[in-house]
Amino acid sequence: MPDKITNKQNLSWDEYFMGLAIFTSFRSKDPSSKVGAVIVDENNHIVGTGYNGFVAGIDESKFSWDREGDFLSTKYPYVVHAEANAILNSTKTDLSKCRVYVTLATCNECAKLLAQKGIKKIYYLLDKYPEVETFLAARRIFDIKKIEYKQFEMDNLYGILDKFKNYYPENIK
Ligand SMILES: [Zn+2]
């Protein structure tokens with residue numbers, strides 16, 4: 001039997017929520033970009049989660065995950081982003097005391113929604129397209145609205161998983 005988990009082996013809140021955002025992203029069917037978002041309130045309670053996907057319940061065979069070609073034939077006009085879904089799924093209407101953990105830097109469309117809901121802090125994991133205009137516009141919104149926007153240091157993710165490997169349930173290999 002493994003020892004009890006000590007305080008030292010506890011996850012921080014930030015590690016916990018970003019870890020959940022990563023796990024949430026695995027629900028996405030997008031073959032090129034799986035994104036997860038978690039909204040957390042001032043009591044560290046999760047109030048919403050989301051990942052990028054087509055409108056729920058839609059016949060997905062009628063759409064494509066293509067990124068190139070005629071705009072109407074790509075995924076872009078039809079996908080709801082992780083942050084937008086997290087807001088839409090939120091159990092609270094007032095998100096003004098909330099922060100967001102998201103696995104990819106936020107685009108301008110989601111930035112508008114997050115700013116409009118009064119969210120004060122956003123932690124993101126990857127910044128794959130820092131020079132693309134939609135991401136520059138997002139930063140502009142955050143700067144002007146004074147929303148804290150920070151890249152999350154997750155270098156020790158594997159260290160965290162490794163730290164807990166003795167505590168997996170016994171039937172998980
Ligand atoms: Zn977005």
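This is a predicted model: local features need pLDDT of at least 70, side-chain atom pairs count only at pLDDT 80 or more; totals for chains, interfaces and linings use all residues.
**Exercise 1.** Decide whether threonine 24 is buried or exposed, and find which residues it touches.

Solution. 
- Step 1: Locate the residue. Threonine 24 lies in helix 1, which covers residues 13-25.
- Step 2: Count neighbours. Threonine 24 has 23 C-beta neighbours inside 10 Å. A residue is buried if 20 or more other C-beta atoms lie within 10 Å of its own, so threonine 24 counts as buried.
- Step 3: List contacts, leaving out residues up to four places away in sequence. Threonine 24 touches Gly36, Val38, Thr49 and Tyr51.
- Step 4: Check one of these pairs. Threonine 24 and threonine 49 are 25 residues apart along the chain, and their C-alpha atoms are separated by 7.4 Å.

**Exercise 2.** Work out the order of the strands in the five-stranded sheet and find which strands stand at the edges.

Solution. 
- Step 1: Read the order. The open sheet runs 2-1-5-6-7, with mixed pairing.
- Step 2: Find the edges. Strand 2 and strand 7 (148-151) each have a single partner strand, so one side of each is left without a neighbour in the sheet.
- Step 3: Place the helix. Helix 1 packs on the sheet, touching strand 1, strand 2, strand 5 and strand 6. The direction of helix 1 makes about 140 degrees with that of strand 1.

**Exercise 3.** Describe how strand 1 pairs with strand 2 and with strand 5.

Solution. 
- Step 1: Recall the rule. Strands of a sheet pair through backbone hydrogen bonds, either parallel or antiparallel.
- Step 2: Take strand 2. Strand 1 pairs with strand 2 in the antiparallel sense over five bridges; valine 40 has isoleucine 46 as its bridge partner there.
- Step 3: Look at the hairpin these two strands form. Five residues lie between the strands, and asparagine 44 takes a positive phi near 60 degrees.
- Step 4: Take strand 5. Four bridges join strand 1 to strand 5, again antiparallel, and isoleucine 39 stands opposite valine 100.

**Exercise 4.** Explain why strand 1 is described as largely enclosed.

Solution. 
- Step 1: Count. Five of the five residues of strand 1 are buried, so the strand is largely enclosed by the rest of the structure.
- Step 2: Sort by face. In a regular strand the side chains alternate between the two faces of the sheet. Gly36, Val38 and Val40 are buried on one side of strand 1, and Ala37 and Ile39 on the other.
- Step 3: Take one residue. The contacts of valine 38 include Phe17, Leu20, Ala86 and Tyr101.

Key. Residues are numbered from 1 along each chain as its sequence is written. A residue is buried if 20 or more other C-beta atoms lie within 10 Å of its own, exposed if 12 or fewer, and partly exposed in between; C-beta atoms are placed from the backbone. Two residues are in contact if their C-beta atoms, placed from the backbone, lie within 7 Å. Two strands pair if DSSP finds at least two bridges between them. Axes are lines fitted to C-alpha atoms, for helices over the stretch in contact, and angles run from 0 to 180 degrees between N-to-C directions.
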